[in-house]
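This report walks through selected features of one model. The sequence and structure come first.

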Amino acid sequence: MASVDLNQRIPNNVGLGDDRRLRRALEAWQPAYVEWWKEAGPVGLQTSDVYLRTAIDVDTSGWAHYDYVKMPDYRWGIFLAAPTADRVIGFGDRAGEPVWQEVPGEHRGALRRIITVQGDTEPASVEQQRHLGATCPSLYDLRALLQVNVEEGRHLWAMVYLLHAYFGRDGRDEADALLERRSGDADRPRILGAFNEATSDWLAFFMFTYFTDRDGKFQLAALQESGFDPLARTCRFMLKEESYHMYVGESGLTRIVQRTADVLRESPDADPRSLGIIDPETFQKYLNFHYSVTLDLFGAEVSTNSANWYSMGLKGRYREGRIDDDHRLDSSTYSMLRPAEGRTGFETEEAPALNVLNERLRDDFIADVEVGVRKWNRILREAGVDVELRLPHRAFNRRIGVFRDVHVTPEGEGIAEEEWRRREGEWLPTARDRGYVASLMPKAVREPGRFASWIAPPERGVDRNPVAFEYVRFA
Ligand SMILES: [Fe+2]
Ligand SMILES: [Fe+2]
């Protein structure tokens, strides 16, 4: 396959130099993209020098290169993972047949929709996070935020490439519309609900990267199984970038818990909110919010769309190749929880496996996020702090699917709507809680090596540089 060509206006490994029409179309989209970045991207940092990694190759040996870059000059490019020789469709009605290099006519609409919805989340998260630079807890963390932001921009490029290269006129229209919608805009909102919520503080940012970026990981993992090979290869490379976003969320929350534990160990009897830290109760409320909102992103438990996309060979399961079954799901079942018929509480139903693929992917996600919670509880326990963080019940605070009309406590106890309204603030962040968190972050910490009171420093820096490295040079 073509190696990475960095001398082109659009760095790429898809042979753009040989495809004049496609190159011209993407070069025409590029200025609109940069305009969008300047208008909707990180505020007040467009002329600063940021120590960023840029993809320069797609193989495992050194695909990234670090240097100071002004973000509007970042080399956003188009990178696909190397093709797998003789790859066959791994699931669905056409399992075992060679993968498609072009879009099959009958799947055109479905594939365009899948790519557009995925593409829409990428710029949305940049928009949601655009004000965070003003309150960063350190230069190290500011760099991490901006790295995530430019890579979400690159993920937009990845989806736009597919739209331009494989969907003709309709694809170009969708690519334009991706730059026109805005997160939280009343008239032109982003497609998915969670991507219209503002990420207003850094605790929310780390929760977002821990939970919501991880939804992205699972969606991309299901799409890298696709029978449409260009989509599969695109997602495979995006997942390499996504693993850094997981790291930012996981390590950020771990450092917050570490700081809280260290301070509470010294002052076990003080009011935690007098100590300049994020108290465990506030941490738990944010966790409840971001977890439940992210569960909704997986969609309704029972989904005809997902069933069709699976049978068509468009979107698989998480680690499809490692699952030992027929990969068609005509006759197998999968157990899912639902509100009990006519009584309070829940019951388990053995549903046709093909119909509940969203629920299965959600289960894979839940198993993944439990790992972090266990780690944070270990840190608290070792410091002698007597609280246990928990993922709330899966029916808690849901807007989509079978739990949307029930009201339950984080423990899963059914309550009346009126009681929910009265007690919601015990479980989800209130304006007062958000105000407290904001009060911890009055302004950006910009001195190399310094960290805000509420977060522990990381163990090591980036790209073998010290923690106190000048990761951002302000203009
Ligand atoms: Fe992304
Ligand atoms: Fe991400």
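Asp-86 sits in the loop that connects strand 2 to helix 2 (108–128). In this predicted model, the phi angle of Asp-86 is near 55 degrees, a positive value in a residue that is not glycine. Most residues other than glycine have a negative phi. Asp-86 counts as exposed because it has 7 C-beta neighbours inside 10 Å.

Arg-464 is another non-glycine residue with a positive phi, in this case about 65 degrees. The loop between helix 11 (431–439) and strand 5 holds Arg-464. With 8 C-beta neighbours inside 10 Å, Arg-464 also counts as exposed. The table sets out the two residues.

| Residue | Phi | C-beta neighbours inside 10 Å |
|---|---|---|
| Asp-86 | near 55 degrees | 7 |
| Arg-464 | about 65 degrees | 8 |

Asp-49 has Arg-473 in strand 5 as its bridge partner.

Two packed helices are described by the angle between their axes and the distance between the axes. For helix 3 and helix 6, the angle is about 170 degrees and the axes are 10 Å apart. Angles over 145 degrees count as roughly antiparallel, and helix 3 and helix 6 are therefore roughly antiparallel to each other. The residues of this contact divide into ten nonpolar, four polar and three charged. On the helix 3 side they include Ala-144, Val-148, Glu-151, Arg-154 and Leu-162. On the helix 6 side they include Pro-230, Leu-231, Met-238, Glu-241 and Val-248.

Which residues have the most contacts inside the largest nonpolar core? They are Val-160, Leu-203, Met-207 and Ile-256, in a core of 110 residues. Helix 3 (residues 139–166) gives the most to this core, with 17 residues. In soluble globular proteins, nonpolar side chains tend to be buried together. Leaving out residues up to four places away in sequence, Ile-256 touches Leu-203, Phe-206, Ile-278, Phe-283, Trp-454 and Ile-455.

Two further buried residues remain. Ala-232 lies in helix 6. Ala-232 is buried, because 23 other C-beta atoms lie within 10 Å and 20 or more are needed. Apart from neighbours within four places in sequence, Ala-232 is in contact with Gln-224, Glu-225 and Ser-226. Ala-232 and Ala-221 are eleven residues apart in sequence, and their C-alpha atoms are 8.9 Å apart in space.

Val-14 is placed in the segment before helix 1 (20–40). Is Val-14 buried or exposed? Val-14 is buried, with 23 other C-beta atoms within 10 Å. From Val-14 to Ala-270 there are 256 residues in sequence and 59 Å in space, C-alpha to C-alpha.

Terms used: Residues are numbered from 1 along each chain as its sequence is written. Chains are lettered from A and ligands numbered from 1 in the order in which they are written. This is a predicted model: local features need pLDDT of at least 70, side-chain atom pairs count only at pLDDT 80 or more; totals for chains, interfaces and linings use all residues. A nonpolar core is a set of buried Ala, Val, Leu, Ile, Met, Phe, Trp, Tyr and Cys residues joined through C-beta atoms within 7 Å. A residue is buried if 20 or more other C-beta atoms lie within 10 Å of its own, exposed if 12 or fewer, and partly exposed in between; C-beta atoms are placed from the backbone. Helices (H or I, at least four residues) and strands (E, at least two) are DSSP runs, numbered from the N terminus. Two residues are in contact if their C-beta atoms, placed from the backbone, lie within 7 Å. Two strands pair if DSSP finds at least two bridges between them. Axes are lines fitted to C-alpha atoms, for helices over the stretch in contact, and angles run from 0 to 180 degrees between N-to-C directions. Angles under 35 degrees count as roughly parallel, over 145 as roughly antiparallel, 65 to 115 as roughly perpendicular and the rest as oblique. Ala, Val, Leu, Ile, Met, Phe, Trp, Tyr, Cys and Pro count as nonpolar, Asp, Glu, Lys and Arg as charged, and the others, Gly among them, as polar.
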